[in-house]
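Q: Could you walk me through this model, starting with its charged pairs and then moving on to a pocket and some loops?

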Amino acid sequence: MLIDGARVEDSVDVLWLQGETWFVDVRTGFNGDPRQGWAFAGQIEWVEPKVKFHHLVDTSREARDDVGSFVFTDSGCSETGEVILDGVAVPFEEKWIWLADSLSSSAFIATKDDQLIAVKVVHDRYVACVCDFGAAVYIVRDGRPLVQTAFTTSGSQKDESDMVLEYFASADWQLIEQT
């Protein structure tokens, strides 16, 4: 990943799940530490010829948008765009590799006092959830979740990861779209 021409990370693990208009982006492994993560979720808007990503829930607790253009290949895609940081448009570049195609997706939101507090996107057996203090990615196998990663913004000890998993398990999820 390059931001403003400077390499930020050579490689982090990212799971991007997208519905028709909702998405979840969970990134872990910063500085080689699988407990360090950043995640955001929200809605996608096509602003020809680019895609605008509205970060409605973000573990950095900064509401921001980013705008990108994509070049697709058989193995993935390359995204270039810009994100607004401290009021300044900063260019970025990311390279993506396909994990799997999905025939169906569902997007869910959780609200409290009419405020969005969490987003969950499900693609076949892959599930990703984001709230402002953490994220989780898991696979559903035989009706049971197998956690791939879970982190909180406060350092992510095992108890904290369990806490964020319990938070997502107890959320009052509302189906918002299904494809």
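A: The chat below takes up salt bridges, then a pocket, then loop residues.

Q: Before we start, what kind of model is this, and how are residues numbered?

A: This is a predicted model, in which local features need pLDDT of at least 70 and side-chain atom pairs count only at pLDDT 80 or more, while totals for chains, interfaces and linings use all residues. Residues are numbered from 1 along each chain as its sequence is written, and side-chain values use heavy atoms, with hydrogens and water left out.

Q: OK, how many salt bridges does a search of the whole structure find?

A: The search finds four salt bridges, a salt bridge being a side-chain nitrogen of Lys or Arg within 4 Å of a carboxyl oxygen of Asp or Glu.

Q: Which residue does Asp25 pair with?

A: Asp25 forms a salt bridge with Arg27, and the closest N and O atoms are 2.7 Å apart.

Q: Are those two buried or exposed?

A: Asp25 counts as buried because its relative accessibility is 0%, and Arg27 is also buried, at 5%; buried means under 20% relative accessible area, exposed over 50%, and partly exposed in between, with a 1.4 Å probe and protein chains only.

Q: And what about Glu94 and Arg27?

A: The side chains of Glu94 and Arg27 meet in a salt bridge as well, at 2.7 Å from N to O. That pair links distant parts of the chain, since Glu94 belongs to strand 9 (residues 88–97) and Arg27 to strand 4, 67 residues apart. Strands here are DSSP runs of E, at least two residues long, numbered from the N terminus.

Q: Which other pair can you name?

A: Glu93 and Lys95 form a salt bridge at 3.2 Å, N to O; Glu93 is partly exposed, with a relative accessible area of 26%, whereas Lys95 counts as exposed at 68%.

Q: Switching topic: what lines the second largest pocket?

A: Its lining consists of Asp13, Val14, Leu15, Val26, Thr28, Leu99, Val137, Gln148 and Thr149. A pocket is, on a 1 Å grid over the protein atoms alone, an open set of points where a 1.4 Å probe fits, with protein on both sides within 12 Å along at least five of seven lines, and lining residues have an atom within 4 Å of a point.

Q: Which strand gives the most to that lining?

A: Strand 3 gives the most, with three residues. By class, the lining has five nonpolar, three polar and one charged residues, where Ala, Val, Leu, Ile, Met, Phe, Trp, Tyr, Cys and Pro count as nonpolar, Asp, Glu, Lys and Arg as charged, and the others, Gly among them, as polar.

Q: Now the loops: where is Asp114, and what is its phi?

A: Asp114 sits in the loop between strand 10 (105–112) and strand 11 (115–123), and its phi is positive, about 65 degrees, although it is not a glycine. Most residues other than glycine have a negative phi. Asp114 is exposed, with a relative accessible area of 78%.

Q: And Asp142?

A: Asp142 also has a positive phi, about 55 degrees, without being a glycine, and it lies in the loop between strand 13 (134–141) and strand 14 (144–152). Because its relative accessibility is 76%, Asp142 counts as exposed.

Conventions. Helix = DSSP H or I, 4+ residues; strand = E, 2+ residues; numbered from the N terminus.
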